[in-house]
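Here is a short briefing on one protein chain. Please look over the sequence and the structure first, then read the points below.

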Amino acid sequence: MIKNNIERINMKDEFYGLTNDKMLALKAVQTILKNGEKYLVTEADASKGADFCFVCKKPIGQPHSFGCACFHKEMKIGVSVEYPARVPVYWTKDDFISHRTSLDARQSMDVFINDLYDLEPEERDYYGESIKYECLDEDGDAIFNRNSE
Ligand SMILES: [Zn+2]
């Protein structure tokens, strides 16, 4: 029953008008929607007092639409950016490298995030120009936002 509803919804609402690239990208979401009973719109997806998903507008109890932001995938990316890191005034380049390479993975990510967080807004404007993104893998699996259960 749910599967039939999903297929009907796909054909009627979501697939028409999409490019081949988009259709291929959305195929990953089909895997999730094949288990559609797990991914129905619930009250948690609706605005207070509303009876539909606040993103895709599907009613509570029906599957989210393919294009709903409740579904996403992860692309593996690489980023390089220049920015001024705040370090003790007596540090040399070697001190900096020694410190940063001594951190474990979690600490390293936390320090990087804190470095960026410490930038003033005008510094973000300026150094943001230097950000270079690289997509290392675009074929991540579709993920439902509430898949933590
Ligand atoms: Zn939705």
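Helix 4 is hardly covered: none of its 13 residues counts as buried. The model is a predicted one. Across the protein chain, 12% of the 149 residues count as buried.

**Helix 4**
- Helix 4 spans residues 105-117.
- From first C-alpha to last, helix 4 reaches 18 Å, close to the 18 Å expected at 1.5 Å a residue.
- In general, an α-helix has 3.6 residues a turn, so residues three or four places apart point the same way.

**Chain layout**
- The protein chain holds five helices and four strands.
- Read from the N terminus, the order of elements is α-α-β-β-α-α-α-β-β.
- Take the contacts between residues at least 6 apart in sequence: 62% of them join residues at least 24 apart.

**Pro 84**
- Pro 84 sits in the loop that links strand 2 (76-80) to helix 3 (93-102).
- Pro 84 is exposed because 12 other C-beta atoms lie within 10 Å, and a residue with 12 or fewer counts as exposed.
- Pro 84 and Tyr 127 are 43 residues apart along the chain, and their C-alpha atoms are separated by 8.6 Å.

**Lys 57**
- Lys 57 belongs to the loop between helix 2 (20-33) and strand 1 (71-73).
- The phi of Lys 57 is positive, at about 70 degrees, although this residue is not a glycine.
- Lys 57 has 13 C-beta neighbours inside 10 Å, so it counts as partly exposed.

Key:
Residues numbered from 1 in each chain as written. Predicted model: local features only at pLDDT ≥ 70, side-chain atom pairs only at ≥ 80, totals over all residues. Helix = DSSP H or I, 4+ residues; strand = E, 2+ residues; numbered from the N terminus. Expected span 1.5 Å × (residues − 1). Buried ≥ 20, exposed ≤ 12 C-beta atoms within 10 Å, placed from the backbone. Contact = placed C-beta atoms within 7 Å.
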